[in-house]
Amino acid sequence: MRYFQKAKSVWKGFLCFPVALCVFYLVPPSVRLLIGYIPMEKCALESGEMLILDDSVDASLDLRSRGDVQTCTPWKAPVIWEGMFDPALYDQTHVRKGSSVALTVFAVGRYLDAYLETFLRSSERHFMLGLPVSYYIFTDAPEKVPRVELGAKRSLKVIGVQKHSRWQDVSMMRMKAISDVIESDVRHRCTHVFCMDVDQEFTGRFGSEALGDSVALLHAYYYHLPKSLFTYDHNPNSRAYMYGGDFYYHAAVFGGSWRSVKALTESCYRSIMEDKHNNVEARWHDESHLNKYFWLHKPSRVLSPEYCWDQKIGYRKDIRVARLQWAPKHYDSLRQS
């Protein structure tokens with residue numbers, strides 16, 4: 001045990017010393033490999049029955065099946081990893097309960113041509129199969145949305161939005177658009193909502209085990225790092241300011257019940273607009289505000305990086321399946337006006 005603690009301290013010290021190596025996505029592959037050996041905290045609970053249950057089926061989660069990763073949070077919410085759950089049991093439970101899912105995605109400017117069709121076609125193969133799914137596509141070019149054959153009990157609605165001159169504004173203003181569509185339409189049709197970035201592709205099951213009242217995602221680039229290296233917003237003039245936190249969450253995927261997602265998006269939008277009024281912009285835009293929200297309002301369910309993985313990170317023994325993967329990024333061309 002003493003050796004383990006010493007090794008852990010050495011790794012943290014190694015990473016903290018050359019801070020430049022940890023600047024978001026720019027670290028070299030060799031450093032990313034080393035980061036993967038930093039041990040995660042471990043769940044202190046013996047069984048799923050000890051969780052503060054998001055749903056009764058969560059009592060079946062095997063928290064001890066993955067001794068290599070953290071399977072629960074300090075506030076007794078599950079962290080979902082491959083090997084912890086019975087997919088059939090979750091699907092049967094949610095079909096019986098009548099669960100239905102809205103999936104919101106923004107495809108604005110060149111992002112529509114580059115990513116939307118792949119996102120939708122792969123979703124039809126992997127996302128919430130067996131449950132009713134309603135896609136909500138927000139775009140500035142409704143006439144360009146590709147025609148994709150949808151499965152039974154699945155529908156698609158296109159919603160026109162304004163194209164902002166800066167991609168940062170597109171990213172931040174989506175919070176209001178999501179809140180508005182939940183109020184006007186989603187709450188009458190669906191029990192749950194997931195909000196996702198379009199520049200991703202489903203490559204494995206993204207199923208009902210991910211459903212919960214309030215759902216956050218561990219960022220693939222941060223889940224092994226010490227909290228001191230999390231890139232929270234440290235500007236005290238911003239509503240996104242954080243002096244500490246629990247995890248670093250990725251805004252590319254978040255969700256929950258329609259009520260919880262509406263509360264989250266409304267809160268983030270108010271904070272963003274207050275920052276704008278004060279001529280402040282959070283470090284990572286809507287993601288910074290989302291991290292602040294989940295710090296103050298703990299998610300009832302956390303998804304592992306399996307649910308949004310970047311292959312550029314390289315091999316990680318704890319990633320047994322990549323359910324949703326980042327598509328190649330071409331920011332230099334895609335984010336031009």
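**Reading bonds and rings in a predicted model**

Trainee: Why does C43 count as buried?

Mentor: C43 has 7% relative accessibility, and buried means under 20% relative accessible area, whereas exposed means over 50% and partly exposed lies in between, with a 1.4 Å probe and protein chains only; C43 is therefore buried. This is a predicted model, in which local features need pLDDT of at least 70 and side-chain atom pairs count only at pLDDT 80 or more, while totals for chains, interfaces and linings use all residues. Residues are numbered from 1 along each chain as its sequence is written, and side-chain values use heavy atoms, with hydrogens and water left out.

Trainee: What makes C43 and C72 a disulfide?

Mentor: Their sulfur atoms lie 2.0 Å apart, and a disulfide is a pair of cysteine sulfur atoms within 2.5 Å, so C43 and C72 qualify. The structure holds one disulfide, and with 100° about the S-S bond the link of C43 and C72 is right-handed. C43 and C72 both lie in the loop between α2 (29-35) and β1 (79-80), 29 residues apart, and the pair links distant parts of the chain. C72, at 3% relative accessibility, counts as buried.

Trainee: Why is the aromatic pair of Y221 and W326 called tilted?

Mentor: The centres of Y221 and W326 are 5.5 Å apart, with 40° between the planes. Rings of Phe, Tyr and Trp (its six-membered ring) pair if their centres lie within 6.5 Å, and planes under 30 degrees apart count as stacked, over 60 as edge-to-face and the rest as tilted, so Y221 and W326 form a tilted pair. Y221 is in the loop between β7 (214-217) and β8 (253-257) and W326 in strand β10 (residues 324-326), so the pair ties together parts that are 105 residues apart in sequence.

Trainee: What makes the aromatic pair of Y249 and F294 edge-to-face?

Mentor: For Y249 and F294 the angle between the planes is 65°, at 5.4 Å centre to centre, and that angle falls in the edge-to-face class. Y249 is buried, with a relative accessible area of 1%, and F294 is buried too, at 0%.

Trainee: How do you know that the charged end of K298 sits over the ring of W75?

Mentor: The charged end of K298 is 5.3 Å from the ring centre of W75, and a charge sits over a ring if NZ of Lys or CZ of Arg is within 6 Å of the ring centre and within 35 degrees of the ring normal. The distance thus meets its limit, and K298 is listed as sitting over the ring of W75.

Methods: Helix = DSSP H or I, 4+ residues; strand = E, 2+ residues; numbered from the N terminus.
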